[in-house]
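Subject: Handover of a structure and its findings

Dear colleague,

I am handing over the structure below for your reference. Please keep it open while you read the notes that come after it.

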Amino acid sequence: MADLQDISNEKIRQEIEEFVENPDEIERNIETFARVRPLMQEIAAALIEGDDGTVDALTKQALEDKIDALEIMDDGLIAAMGVVGIKFRDNYIFVPEVLACARAMKAGMAYIEPILSASGVEPLATVIMGMVKGDLHDIGKNLCIMMLRGSGFNVVDLGVDTSDDEFIDAVEEHSAPILGMSALLTTTMPNMGKTIEAFIDADMRDDVKIMVGGAPVTQEFADDMGADAYGKDALECVAVAKGFLSVQA
Amino acid sequence: MSKPDDSSEKQTSSVDPKAYQESLERLSKIFTGMVQHADEVSKVRCPYRDRMDFCTAKFKCRNQISGGVGEALETCGHDGVFDFRSAWESDPGNYQRAKDKIAKSGQHARRERALQKRGSPKA
Ligand code: B12
Ligand code: SF4
């Protein structure tokens, strides 16, 4: 059985010592990190810090050192996310830190994705996501994006305050079969309906499946505005997107 | 941050799709726990408030307390113990207006779409 001292990276040792309390989880994390090479531990440590620049540089270096892409994903990125999940669950960190870690994960995955592609592993589909016009709350949308990416979708994030034209241009540019719109305000929620109208005016409504979400949105509103689906949380967002694909298939 | 370049081309081995699928499932399981917890936590704590109680929002909020000259982030001054979600029912007027607007745009959208389908089918 491995011991904490078998982990060469000091930061990882500290993280396990300070933040992981459950004996099974301690054991599992020690086993994992004691087995992985030092560079993977460094990637993991940077991801736990939410340091996207370092994850970017180290992932690049690892690939140049001919380390397997899946090893980087499993032993560096996902192993680190496991620790982030525990810290979040136990209230040592909060949503902003989690989103910083998700950004760092994305920085690493940006190098892995072309290799996946070259190996014939294509993303499930491209999803365009954005907050509607006038809406600046983006945390829920970002969590949806994190889930979608973690489930194998390619996501184009249009950010906040997105106009009809920006949604339309993005769907066109990326030939995206799925669009997700989010609104957190009662005053901006009707803009989802307006965007759907704009897709009809552009004669593109049949080209794209539209899902909507955000705290004020309900199934009833989604039906009224003519969306194809509603999702109440990030898990449903993924389920809805996958549902669209199975309908298309 | 540098842009991903051709390092992937230097990679000799390829990825086994089945092994990748298993990795993705592990990741998805971790994320599932995270988003469930995020939904819960944000009922009582502003999701823009980080672990040091700094505000990470890129907007003005009345709860922000300026940390003085040179402070990159403002401190969150909210007591962080109430449920923000109850605020949804706070303005019935706004809610009704949104409902009306959505119903109107929905009707229009359905009409237009039906016309389009009848008129010029896309190649
Ligand atoms: C943080 C926050 C802010 C912060 C600080 C607010 C403050 N402290 O005063 C900031 C500064 C950004 C802000 C600004 C404003 N806010 Co605000 N804000 C919130 C708060 C607390 C959290 C939002 C959040 O991130 N939730 C957490 C995430 C995880 O949940 P979520 O976004 O709902 O997302 C989940 C699901 O809905 C779903 N989902 C989301 N998008 C999508 C998309 C798809 C396709 C799918 C399938 C699913 C999906 O999945 C997500 C994850 O599971 C909410 C209340 C709340 N708890 O929801 C108020 C709230 C939304 N804000 C509100 C208001 C009024 C405002 C302001 C207008 C205030 C003002 N007068 O300036 C501004 C508007 C700015 C703008 N133009 O957008 C009101 C809205 C009321 C209403 N009925 O419209 C609320 C309810 C709070 C309140 N006290 O009044 N806000
Ligand atoms: S100051 Fe406002 S936006 Fe910032 S963390 Fe506090 S409540 Fe949230």
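The notes below take the two chains and their ligands in turn.

This is a predicted model, in which local features need pLDDT of at least 70, side-chain atom pairs count only at pLDDT 80 or more, and totals for chains, interfaces and linings use all residues. Residues are numbered from 1 along each chain as its sequence is written, chains are lettered from A and ligands numbered from 1 in the order in which they are written, and side-chain values use heavy atoms, with hydrogens and water left out.

The sheet of chain A

Helices (H or I, at least four residues) and strands (E, at least two) are DSSP runs, numbered from the N terminus. Two strands are said to pair if DSSP finds at least two bridges between them. In chain A, five strands make an open sheet in the order β2-β1-β3-β4-β5, and the pairing is parallel. Its edge strands are β2 (154-157) and β5 (229-230), each of which pairs on one side only.

Within this sheet, β1(A) and β3(A) run parallel and are joined by five bridges; here A:Gly130 stands opposite A:Met181 of β3(A). Five bridges also link β3(A) to strand β4 (residues 209-213) of chain A, again in the parallel sense, and A:Gly180 has A:Met211 of β4(A) as its bridge partner. Between β4(A) and β5(A) there are two bridges in the parallel sense, with A:Val212 opposite A:Tyr230 of β5(A).

Helix α8 of chain A

Helix α8 (residues 164-174) of chain A has the buried residues A:Phe167, A:Ile168, A:Ala170 and A:Val171. Seen down the axis of α8(A), these residues fall within an arc of 165°, so they line one face of the helix; the arc is that of the directions from the helix axis to the C-beta atoms. They pack against β1, β3 (178-182) and α9 (190-201) of chain A, where contact means heavy atoms within 4.5 Å. The face turned away from the buried side of α8(A) carries the exposed residues A:Asp165, A:Glu172 and A:Glu173.

Most residues other than glycine have a negative phi, and most peptide bonds are trans. A:Ser175 lies in the loop between α8 and β3 of chain A and, at 63% relative accessibility, counts as exposed. A:Asn91 has a positive phi of about 60° although it is not a glycine. A:Asn91 is placed in the loop between α5 (69-89) and α6 (95-118) of chain A, and its relative accessibility of 42% makes it partly exposed.

The cobalt atom of ligand 1

Which protein atom is the donor of the cobalt atom of ligand 1? The only protein donor is A:His137 (NE2), at 2.3 Å. Donors are N, O and S atoms within 2.8 Å of the metal (3.2 Å for Na, K and Ca); water is not among the atoms, so sites may look incomplete. A:His137 lies in the loop between β1 (126-131) and α7 (139-150) of chain A.

Chain B and ligand 2

Chain B has three helices and three strands, which follow one another from the N terminus as α-α-β-β-β-α. Of its 123 residues, 26% are buried.

The three strands form an open sheet in the order β1-β3-β2, with antiparallel pairing. At its edges stand β1 (54-55) and β2 (64-65) of chain B, each with a single partner strand, so one side of each is left without a neighbour in the sheet. Two bridges join β1(B) to strand β3 (residues 74-76) of chain B, and B:Phe54 has B:Thr75 as its bridge partner in β3(B).

The residues around ligand 2 are B:Cys46, B:Tyr48, B:Arg49, B:Cys55, B:Ala57, B:Cys61, B:Asn63, B:Gln64 and B:Cys76, each with a heavy atom within 4 Å of the ligand. By class, this shell has six nonpolar, two polar and one charged residues. Ala, Val, Leu, Ile, Met, Phe, Trp, Tyr, Cys and Pro count as nonpolar, Asp, Glu, Lys and Arg as charged, and the others, Gly among them, as polar.

With kind regards

Note on methods. Buried < 20%, exposed > 50% of the residue type's maximum accessible area, 1.4 Å probe, protein only.
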